[in-house]
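Dear colleague,

Please find the structure below, together with its sequence. My notes on it follow.

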Amino acid sequence: MIPSIHDRGSETIGLINYLYGPGTKEEHIDPHLVAAFDPLTPDPGRDSKATYEQLQRLLDQPVNALPVGKRPEKHVWHLSVRAAPEDPILSDEDWAAIARRMVAATGIAPEGDEAACRWAAVRHADDHIHIIATLVRDDGRRPRLHNEARRAQAECRRVEVDYGLRRVAPGDGTAAKRPTSAERHKAEREGRDRTAREELRETVRRAVAGASSQEEFLDRLKNAGLLVRTKVLPSGDLQGYKVALPDDRNGDKEPVYYAGSTLAPDLSLPRIRKRFSDDTPSQDTNTTPSVQTPSGPATARRRTATAAWQAVLVIDHGEDAEVAAHIAAAGEVLDALAKTSAAHTRAELREAAFVFERATRSHVQAARGHDRALRQAARDLVHSGPALGRGEDGATTAMVIDMVFLLVTATAHWHAKKNHAQQAAAAHQAAEHLRTAYQAAANIPLAVLRHRGQRLSQPLLRQQAAHLRRAIPELAEQALTEAGWYALAVTLADTEAAGYDPAGLLAEAAERRELATADSITDVLVWRLRRMADLPANATAIPEHAATAAPGNRRTARPLAGRDDQPRRAR
């Protein structure tokens with residue numbers, strides 16, 4: 001059950017007209033009163049003699065009793081309470097009881113307070129009610145509404161338990177502000193999929209992803225087609241910024257600007273500046289990211305896959321502040337990946353980035369500076385340009401999505417352990433979008449690898465199966481039955497051709513993180529092995545020297561700490 005406190009208004013009659021009217025799309029059915037501050041309150045929906053004006057005068061009476069100069073300008077309070085689609089349809093009596101609980105919990109009409117604010121609850125659909133109240137009590141005082149949104153949320157959690165409704169994850173006050181009802185209705189009228197607030201938040205997040213300076217960030221906003229206003233202090237320093245969509249106008253035909261801090265807490269200029277100030281290169285050569293722009297999208301994706309794997313190890317074993325920083329930077333990687341990927345994966349990656357945004361913030365303060373490798377990866381993705389949907393670009397896109405999926409899943413597990421319910425749910429939702437994007441990206445390169453694997457000789461296939469059984473005996477039989485076995489077999493042959501010990505490399509790939517819960521063990525191992533051994537992700541032909549390296553000349557994986565493109569062992 002979701003409560004939404006809407007922007008306060010100045011005209012009681014206007015809201016009454018909306019609640020009892022047909023709705024913007026004729027969606028209001030049988031509008032009627034289910035509860036009110038007084039049982040004798042007139043109901044224009046069911047009583048033909050009652051009028052909207054009668055209800056308005058009754059609600060506004062305490063307001064109008066004040067001297068004109070003492071009346072609050074915004075005196076109309078509006079709360080909607082909506083059940084989940086899968087919840088049973090509640091009766092009018094149920095909704096009436098819920099309405100009384102909500103006005104009591106928020107401070108509009110505390111239980112037993114005979115001089116409380118006047119209110120009425122209107123139902124015009126099966127799944128929700130609207131509560132309208134006026135913000136002057138019968139004794140002429142103002143109500144105490146401190147933290148009414150949080151108290152409404154808490155009361156809805158109790159209502160869900162009492163009525164056996166779907167349990168919504170509780171919030172912690174770190175979520176970005178939701179679009180108002182007016183913003184949603186405006187988006188519907190204009191045929192937008194998202195409100196201006198949501199579209200701007202997504203665009204700003206993509207602009208900041210991997211940016212290295214305030215100037216680069218502002219340039220990206222302008223290049224994305226946004227209108228940008230900045231506020232400059234007398235000292236010449238920039239204090240803040242606002243953005244608007246060129247076609248989002250108010251009643252006076254002026255652009256509607258949103259400050260960065262109103263889009264999301266971490267999009268304020270001071271918070272964005274902090275990302276740049278923490279990008280100073282580390283003295284630790286093992287953690288210093290590459291500062292060179294990659295030669296192309298495929299290289300950037302390989303580096304991002306490595307950085308994502310390093311981040312998985314931190315999330316699994318690191319300190320909370322370090323983990324929080326890596327999760328925030330993971331959001332930048334997703335934004336950058338969505339911005340630079342080909343059309344067949346872009347929509348799902350955008351949705352993944354959009355929902356993962358909620359997982360990037362919690363009350364755990366991020367220790368910036370530990371996330372340099374991921375932020376550099378996001379920067380590399382952006383500066384390397386758009387990737388093609390085929391060839392090495394397409395195959396490395398599958399490789400990086402597979403690794404980012406692990407990163408997002410690790411994020412969900414970490415948030416769940418910390419009881420961050422909304423963040424964990426957002427990460428799980430992002431993982432589902434990544435799963436779909438991966439399937440689209442991996443279909444062709446894995447098919448190529450499977451086709452190559454099916455052409456291997458039976459002795460060579462038996463040899464790769466022996467490597468598999470020796471390296472991961474507990475999962476070998478499952479892997480051998482998967483459709484991806486042939487892709488793994490040819491990858492093992494390619495690692496051997498490159499001079500590696502296939503069984504040793506496979507054991508190392510498998511021990512990095514558990515595989516039992518993976519959708520496809522073979523897919524995960526294919527991408528890990530091809531990344532660890534520097535094999536082309538898009539391998540279209542078997543090397544002529546495949547499997548010919550003499551046993552005495554085979555290599556194991558080179559020491560991880562000594563390679564800038566390899567993950568280090570967790571400390």
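This is a predicted model: local features need pLDDT of at least 70, side-chain atom pairs count only at pLDDT 80 or more; totals for chains, interfaces and linings use all residues.

Residues are numbered from 1 along each chain as its sequence is written, and side-chain values use heavy atoms, with hydrogens and water left out.

**Nonpolar cores**

A nonpolar core here is a set of buried Ala, Val, Leu, Ile, Met, Phe, Trp, Tyr and Cys residues joined through side-chain atoms within 4.5 Å. Buried means under 20% relative accessible area, exposed over 50%, and partly exposed in between, with a 1.4 Å probe and protein chains only. The largest such core has 87 residues, and F356, I401, V408 and L434 have the most contacts inside it. Helix α14 (residues 391-417) supplies the largest share of this core, 14 residues. Helices are DSSP runs (H or I, at least four residues), numbered from the N terminus. Beyond its neighbours within four places in sequence, L434 is in contact (heavy atoms within 4.5 Å) with L334, L349, A352, I401, V404, F405 and V408. A second, separate core comprises 29 residues, including I98, A109, A116 and A121. In soluble globular proteins, nonpolar side chains tend to be buried together.

**Helices α3 and α4**

The axes of helix α3 (residues 92-106) and helix α4 (residues 148-163) come within 9 Å and cross at roughly 145 degrees. These axes are lines fitted to C-alpha atoms over the stretch in contact, and angles run from 0 to 180 degrees between N-to-C directions. The crossing of α3 and α4 is right-handed, a term used if the near helix is turned clockwise from the far one by less than a right angle. On the α3 side, the contact involves D94, A97, I98, R101, M102, A105 and T106; on the α4 side, E148, R151, A152, E155, C156, R158, V159, D162 and Y163. The residues of this contact divide into eight nonpolar, one polar and seven charged. In that division, Ala, Val, Leu, Ile, Met, Phe, Trp, Tyr, Cys and Pro count as nonpolar, Asp, Glu, Lys and Arg as charged, and the others, Gly among them, as polar.

**Cysteines**

A search of the whole structure finds zero disulfides (a pair of cysteine sulfur atoms within 2.5 Å). C156 counts as buried because its relative accessibility is 0%, and C117 is likewise buried, with a relative accessible area of 2%.

**Individual residues**

D371 lies in the loop between α12 (343-356) and α13 (372-384). Its relative accessibility is 1%, so D371 counts as buried. Leaving out residues up to four places away in sequence, D371 touches A325, H326 and A329.

A196 belongs to helix α6 (residues 196-208) and is buried, with a relative accessible area of 8%. With residues up to four places away again set aside, A196 touches L245, D248 and Y258.

With kind regards

Technical notes: Helices (H or I, at least four residues) and strands (E, at least two) are DSSP runs, numbered from the N terminus.
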